[in-house]
Amino acid sequence: MGLQAGALAAGLGGAPAQAASGFPWQQVPGAPVRLTGEPSPFAPPLRRTLLQGYGAIAPGTGSSWTPLEQLRGTITPAYLHFERHHNGVPAIDPAHFNLVIHGLVNRPLAFDLETLHRYPMVTRQGFIECAGNSLPNSFPEPQAKPCGLIHGLISCSEWTGVPLGLLLEEAGVQAGAQWMLAEGADAASMSRSIPLYPRGDDMLLALYQNGEPLRPEQGYPWRLFLPGYEGNMNVKWLRRLKLSAGPTHTRDETSRYTDLLRDGRAEQFTFVMGVKSVITRPSGGMRLAARGFYELSGLAWSGSGRIACVEVSADGGASWTEAALQSPAQDRSFTLFSIPWHWDGSPARLQSRATDEQGNTQPTRAQWTQRYAPGQRYHYNAIQTWALDAGGNLSNVYA
Amino acid sequence: MSTPRLCTAALLLLCLGSAWAAGPGLGRVPSAEELAELDLSIAPDGRGLPPGSGDVAQGLALYQARCEACHGAGGQGKPADRLSGGLGSLASDKPVKTVNSYWPYATTLFDYIRRAMPLNAPRSLTDSEVYSLCAYLLALDGILAADARLDAASLAAVRMPNRDGFIDRSQER
């Protein structure tokens, strides 16, 4: 106290000459506390990119793509989580909304938001990936697009909700029930059949994303979260679950999200998203300013489990080196990888190749396209190639 | 520490009791009317198809009034999806996937139109109108005769050309 008073007195009484040096922000009080945070106006604004394939006739039938190359980490902020809607985003008031479980159950049950909050909840991290993610690379010619506009129909969050098994148990699933039909309350009445097995015990009725209540675009007040399964099955705005003996064969599991093979037959119910990885930095559309040291880094994930290994190639797949996995690899979640690299100024072809704990490895693009009929787009998980030219420019190419 | 061991014991008990753990039992039993209104789904064998009927001529008129602006004359597509044609093309270099060339079940068509179309006014068609639209679309490629009439029994009996074209991968891990 005495000391401070003395110092103050000295300061006031002394020569004014030199104000203490410092940044301008150190010389005036900063902004007051506020109710919600905003990104810095000096940071480049983060935006998704919209794709509205039907234009003005169906503006709610489209997608927004997460700018993967502008983010770092394993959690996608909720406002940047990709979206794919089939007829817009409903504004659901939970005061007038129920989840109903019916069909092959001993007693049908309805749950509202208040009731669901009395149930035990669990939290788990995991990605949701649209079955159409990476589809630009299925086109015959490589698209000049940034990483997020090729692979940005995936995001990873921490989801919190009620284990679906609890609710099913209360309804009493009957012996003959092998499937359930999930229907959303949107204008598309999005409907998908989901097998109760082999992975039924993972299913979550998610109410929170990254700690906050789901946003309308992610299914407020609740959605299904089915770890590792194609995005479309994680039905948003879930209105009902109907237990049944077999699948319903809805439009979005027959016409769409099925994969036509070369012989004219089609694979149906390809639920588990394949192992995939992509170098996000550097990636298409970026430029290396000078030769020298760079860290190549990116994301890997698999619908079958943890990522076991990511290899990186700078010569278009002729030779591979194992990258470091930066976080403890989580089950069916984003895993970061990185590897230090020296660019000597000559053209290069950067690739990454992930392998999961089940031993699944990414195919080459040639292997992938050989398997499917021309024009197929879903479940694309081939190796991505970024070409680096002598000028330091990166672009999407086919190896 | 004893806490983690306790947790494991509790978990084990829950798992042993049944495949699904027990919850607080707070669900409300919905009324029969509530369920009937909610349950519009139709099984591939036709279970769930409602009463009502409609024919190709009625379907054409409705199609022109409610669908053609988006799906084109005769279901040929543009600006929205093509709905007809493409039969026999699936194994070719230019596969054309449409309702008639690709979909395995006609029940799916009824179900989808009833709940999701027209896109700008979903759930606005009567069941008989949906039957007539299905009749019209299926007759475009000769799956039904030009004077066909559809109801629950006849729609369930329709065999789509690509009925056996799918490989079930649902039990893979």
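A:Arg251 and A:Asp252 form a salt bridge (a side-chain nitrogen of Lys or Arg within 4 Å of a carboxyl oxygen of Asp or Glu), with their closest N and O atoms 3.3 Å apart. Both A:Arg251 and A:Asp252 are buried, a word used here for under 20% relative accessible area, with exposed meaning over 50% and partly exposed in between (1.4 Å probe, protein chains only). The side chain of A:Arg251 also meets that of B:Asp81 in a salt bridge, at 3.9 Å from N to O.

This is a predicted model, in which local features need pLDDT of at least 70 and side-chain atom pairs count only at pLDDT 80 or more, while totals for chains, interfaces and linings use all residues. Residues are numbered from 1 along each chain as its sequence is written, chains are lettered from A and ligands numbered from 1 in the order in which they are written, and side-chain values use heavy atoms, with hydrogens and water left out.

Across the interface of chain B and chain A there are eight salt bridges by this rule, and over all chains the count comes to 32. Another salt bridge joins A:Glu267 to B:Arg169, whose closest N and O atoms are 3.1 Å apart. A:Glu267 lies in strand S15 of chain A and B:Arg169 in the segment after S3 of chain B, so this pair joins two chains; strands here are DSSP runs (E, at least two residues), numbered from the N terminus. With 8% relative accessibility, A:Glu267 counts as buried.

Within chain A, A:Glu230 and A:Arg192 form a salt bridge with closest N and O atoms 2.7 Å apart.

Note on methods: Helix = DSSP H or I, 4+ residues; strand = E, 2+ residues; numbered from the N terminus.
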